[in-house]
Amino acid sequence: MTLIEILLLLLIAAICGSLGQVLVGYSTGGLLASIVVGVIGAYIGIWVAREFHLPVFFSLNLGGRSFPIIWSIIGSAIFAAILGLINRGTRR
């Protein structure tokens, strides 16, 4: 995997993480937080898809690695919702 491919994957993870956060209505922070939410969201999304035997929709292949766009957005929304619930609970 080249540096350009890694940077593209991080950019795509940031976009997916941002979209997932927008769907939930909770933002964890800036660009780095969106990248982390996108990457963790991809793992959560793929896990959900495998558990329910669902197909992978719209997967992007860069450098021999597959990045599931739709499941990353869904997983990011799930992860951002969990973070929102945890953060809301600690404020009270």
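A search of the whole structure, which is a predicted model, finds one aromatic pair. The partners are Phe 57 and Trp 71, whose ring centres lie 6.1 Å apart. Their planes meet at 20°, so the pair is stacked; the cut-off for stacking is under 30 degrees. Phe 57 belongs to the loop between α2 and β1, whereas Trp 71 belongs to helix α3, so the pair ties together parts that are 14 residues apart in sequence. The two partners can also be described by their accessibility. Trp 71 is buried, with a relative accessible area of 5%. Phe 57, at 43%, counts as partly exposed.

Just after α2, His 53 takes a positive phi of about 55°, and His 53 is a residue other than glycine. With a relative accessible area of 72%, His 53 is exposed. Phe 58 is in the loop between α2 and β1 as well. Its phi is positive too, at about 45°, although Phe 58 is not a glycine. Phe 58 has 58% relative accessibility and so counts as exposed, because the cut-off for exposed is over 50%.

Helix α2 has 21 residues and reaches 30 Å from its first C-alpha to its last, close to the 30 Å expected at 1.5 Å a residue. Which residues of α2 are buried? They are Ser 34, Ile 35, Val 37, Gly 38, Gly 41, Ala 42, Gly 45, Ile 46, Val 48 and Ala 49. These residues cover an arc of only 165° around the axis, which puts them on the same side of α2. An α-helix has 3.6 residues a turn, so residues three or four places apart point the same way. The opposite face of α2, turned away from the buried side, carries the exposed residues Leu 32, Tyr 43, Trp 47 and Arg 50.

Ser 34 sits in helix α2 and is buried, with a relative accessible area of 6%. What does the side chain of Ser 34 make a polar contact with? Its partner is the side chain of Ser 18, at 3.2 Å. Leaving out residues up to four places away in sequence, Ser 34 touches Ala 13, Ala 14, Gly 17, Ser 18 and Gln 21.

Another residue of the buried side, Ala 42, is part of the largest nonpolar core. How many residues does this core have? There are nine: Leu 9, Ile 12, Ala 13, Cys 16, Ala 42, Leu 62, Phe 67, Ile 69 and Ile 73. Helices α1 (3-24) and α3 (69-91) each supply at least two residues of the core, and α1 gives the most, with four. In soluble globular proteins, nonpolar side chains tend to be buried together.

Cys 16 is one of the core residues. Apart from its neighbours within four places in sequence, Cys 16 is in contact with Phe 67, Ile 69, Ser 72, Ile 73 and Ser 76. Among these contacts, Phe 67, Ile 69 and Ile 73 are themselves listed in the core.

Methods:
Residues are numbered from 1 along each chain as its sequence is written. This is a predicted model: local features need pLDDT of at least 70, side-chain atom pairs count only at pLDDT 80 or more; totals for chains, interfaces and linings use all residues. Side-chain values use heavy atoms; hydrogens and water are left out. Buried means under 20% relative accessible area, exposed over 50%, partly exposed in between (1.4 Å probe, protein chains only). A polar contact is a pair of N or O atoms within 3.5 Å; within protein, one must be able to donate a hydrogen and the other to accept it, and residues adjacent in sequence count only if both atoms are side-chain atoms. Contact means heavy atoms within 4.5 Å. A nonpolar core is a set of buried Ala, Val, Leu, Ile, Met, Phe, Trp, Tyr and Cys residues joined through side-chain atoms within 4.5 Å. The expected span of a helix is 1.5 Å times one less than its number of residues. The arc is that of the directions from the helix axis to the C-beta atoms. Rings of Phe, Tyr and Trp (its six-membered ring) pair if their centres lie within 6.5 Å; planes under 30 degrees apart count as stacked, over 60 as edge-to-face and the rest as tilted.
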